[in-house]
Amino acid sequence: MESMSAVLTTGETPFLGAYSMTQEKVRQEDKAPRENRMTVGVPFVDYARMTCRGVNVYYGEKHAINNVSIDVGRNEVLAMIGPSGCGKSTFLRCLNRMNDTVEGCRVEGDIQLDELNIYDKSVDVVPLRAQVGMVFQKPNPFPKSIYDNVAYGPKIHGLASSRAELDEVVESSLKKAGLWSEVSDRLDQPGTGLSGGQQQRLCIARAIAVRPEVILMDEPCSALDPIATATVEDLISELQEQYTIVIVTHNMQQAARVSQRTAYFHLGDLIEVGSTDRIFTNPRHRLTEDYITGRFG
Ligand SMILES: Nc1ncnc2c1ncn2[C@@H]1O[C@H](COP(=O)(O)OP(=O)(O)O)[C@@H](O)[C@H]1O
Ligand SMILES: [Mg+2]
């Protein structure tokens, strides 16, 4: 209840897949002022895959994420935007406990994947990071063959009991990642020999191969050219049918193209959450407005 009271709701329908396009514009004088640091909009959804409540992250003394509460809806693409250093990557890494690997980083609060409290002491992070997979800014294939890049996860997680099954997982993962037709005749060649866009799709295939439920992407296109970016964006839209996706992007057009909901962060605070459509046309917080109109960041 406490986290709910920290939210200024302004009558937006929570995420259900459809939004009214005919909302009235919020008048300038009714927008939340810049000094307001409570989350504006609707951070919670009816069909949550992940729920985050009162999340704080510290790097030593530095308070990098301040009391963030938000849901990630089932089969949605949630975009996280905001100026450099606002905490997007830090928050994303909370969702699969990747911050555990960062020296001096401390995460507080409650994060659940369905019914599982992912910070519970009994949780093994290895299967958790398969369930909540991650794709990084710079494509990082292993120095192995294309085949082995995709087969590695299923092997260590025991998801294939024979070579034939493994072949099947590799093929279906590469197909889902939209890469199969480009690499099916050279699976034994090194993954690092592919183009940047192909490498990023290989990394997506690698994440898919271990049957994730949620895929986290941290600026997955920032090292790609516009054509490779378009291919990956199309892929994100296709993957959404089967997976829940959280994508960090500094590219607002990209957020508008691929996501249904957008979260705007500013200096560690979650400032505003809402349908992507609404955030970009009718922001309710002045800081969001400053950012999307290019006045800040
Ligand atoms: N490993 C770290 N140690 C100390 N401070 C960090 C570390 N990683 C990030 N930070 C700080 O936390 C804040 C948020 O960083 P980050 O999550 O990387 O922002 P973003 O992804 O939005 O650019 C920044 O002030 C950054 O300097
Ligand atoms: Mg970042």
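Two residues count as being in contact here if their C-beta atoms, placed from the backbone, lie within 7 Å. Keep that cut-off in mind as we walk through this predicted model.

Let's start with helix H4, which spans residues 146–156. Its buried residues are Ile146, Asn149, Val150, Ala151, Gly153 and Pro154. An α-helix has 3.6 residues a turn, so residues three or four places apart point the same way. After H4 comes Gly158, with a positive phi near 60°.

If you set aside the neighbours of Met80 within four places in sequence, its contacts are Lys88, Phe91, Leu92, Val246, Val248, Ala263 and Phe265.

Among those contacts of Met80 is Lys88, and Lys88 also belongs to the surroundings of ligand 1. Around that ligand you will find Tyr59, Lys62, Ala64, Gly82, Ser84, Gly85, Cys86, Gly87, Lys88, Ser89, Thr90 and Val102. Strand E4 (62–73) and helix H2 (88–94) each contribute at least two residues to this shell, and H2 provides the largest share, three residues. By type, the shell is made up of four nonpolar, six polar and two charged residues.

Technical notes. Residues numbered from 1 in each chain as written. Chains lettered and ligands numbered in written order. Predicted model: local features only at pLDDT ≥ 70, side-chain atom pairs only at ≥ 80, totals over all residues. Near = placed C-beta within 6 Å. Helix = DSSP H or I, 4+ residues; strand = E, 2+ residues; numbered from the N terminus. Nonpolar A, V, L, I, M, F, W, Y, C, P; charged D, E, K, R; others polar. Buried ≥ 20, exposed ≤ 12 C-beta atoms within 10 Å, placed from the backbone.
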